[in-house]
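Here is a short tour of charges, surface patches and backbone angles. Please keep the structure open in your viewer while you read.

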Amino acid sequence: MPQGGVISPLLANIALDGMEALLNTHQTTREYTVKTGQWVGKVTKKKVNTYGLIRYADDFLITAETKEEIEAIIPVIGEWLKSRGLAFNEEKTKIRHLSAGINFFGCNVKQYGSKCLIKPQKEKVIAKIKEIKFWLNTHPDISPEAVIRVINPILRGWANYYKHGASKETFEYFDDRVWQLLMTWATKRHPNKGKRWVVLRYFGRLGNDHGVFKANAPDR
């Protein structure tokens, strides 16, 4: 089955079904201190699952509180995969502490002090900017209306994918870079005109937003 085929995720889900149940058979006794109520300060013990699992098709993360617990489960999962004719991708399989961060499906998950934040993966951000830059460079004579028709869906889809994470700083950076790319594209079209002329021709105001790339579309 080719990588990225329509049926691949379904087959992966079938093949890896049962991994969560296997992990749930491993439990650890944790101690908790009651913080409120009449039993405040009392130490209680509770059995909890040792491992957590985040999986999408054949990509998955296994979480635990200690490195030793992760090291212990790797051969167990390895044997479980082997029984299904599968194996770890050695290149992709890594043990990482949350403080170092980990990339998963275009997102970077990392511990910042007491907070765990999910941000857009840096490499994916750069790749998307390069994609837009390449398209603009290869379409120097296309109309501003066509630029908006092509780029708006890209920006909308990209923003919708990352809007649920801690993406404010990335969005601001991305917005600035796209504006620079559009400014460069517009300037190259008029090498004998100054920057102010280019800005007035191709950029305007929309609500409280200044420098919005614009086009004059005919009434329909």
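This is a predicted model: local features need pLDDT of at least 70, side-chain atom pairs count only at pLDDT 80 or more; totals for chains, interfaces and linings use all residues.

## A negative patch and its surroundings

Let us begin with aspartate 209, which is found in strand β9, spanning residues 209-213. Aspartate 209 has a relative accessible area of 48%, so it is partly exposed. Together with Glu169, Glu172, Asp175 and Asp176, Asp209 belongs to a patch of negative charge on the surface. Helix α6, residues 168-189, supplies the largest share of this negative patch, with four residues.

Helix α6 also holds threonine 170. Is threonine 170 buried or exposed? Its relative accessibility is 17%, and because buried means under 20%, threonine 170 counts as buried. Leaving aside neighbours within four places in sequence, threonine 170 is in contact with Pro120, Val125 and Trp158.

## Salt bridges around arginine 30

How many salt bridges does a search of the whole structure find? The search returns three. One of them joins the side chains of glutamate 65 and arginine 30, at 3.5 Å from N to O. This pair links distant parts of the chain, 35 residues apart: arginine 30 sits in strand β1 (residues 27-33), while glutamate 65 is in the loop between β4 (59-63) and α3 (67-82). The two partners also contrast in their cover: glutamate 65 counts as exposed at 61% relative accessibility, whereas arginine 30 is buried, with a relative accessible area of 14%.

Arginine 30 has a salt bridge with glutamate 69 as well, and there the closest N and O atoms are 3.5 Å apart. Arginine 30 lies in strand β1 and glutamate 69 in helix α3, so this pair ties together parts that are 39 residues apart in sequence. In this pair, both arginine 30 and glutamate 69 are buried.

Lysine 128 and glutamate 131 form another salt bridge through their side chains, at 3.1 Å from N to O. Where do lysine 128 and glutamate 131 lie? Both are in helix α4 (residues 122-137), three residues apart, which is about one turn of the helix. Glutamate 131 counts as partly exposed, at 39% relative accessibility. Looking back over the salt bridges, those that share partners join Arg30, Glu65 and Glu69 into one network.

## A nonpolar patch

The surface carries a nonpolar patch too, formed by Ile7, Leu10, Leu11 and Ile14. Together these residues have about 350 Å² of accessible area. One of them, isoleucine 14, lies in helix α1, residues 8-16. Why does isoleucine 14 count as exposed? Its relative accessible area is 56%, and exposed means over 50%.

## Two positive phi angles

If you like to check backbone angles, have a look at alanine 57. Although it is not a glycine, alanine 57 has a positive phi of about 55 degrees. Alanine 57 lies in the loop between β3 (52-56) and β4, and at 9% relative accessibility it counts as buried.

With 36% relative accessibility, phenylalanine 105 counts as partly exposed.

Methods: Residues are numbered from 1 along each chain as its sequence is written. Side-chain values use heavy atoms; hydrogens and water are left out. Patches are made of residues with over 30% relative accessible area and no salt bridge: like charges are joined within 9 Å, nonpolar side chains (Val, Leu, Ile, Met, Phe, Trp, Tyr) within 5 Å. Accessible areas come from the Shrake-Rupley method with a 1.4 Å probe; for residues, only the protein chains shown count as cover. A salt bridge is a side-chain nitrogen of Lys or Arg within 4 Å of a carboxyl oxygen of Asp or Glu. Lys and Arg count as positive and Asp and Glu as negative; His and the chain ends are not counted. The place of a charge is taken as NZ of Lys, CZ of Arg, CG of Asp or CD of Glu. Buried means under 20% relative accessible area, exposed over 50%, partly exposed in between (1.4 Å probe, protein chains only). Contact means heavy atoms within 4.5 Å.
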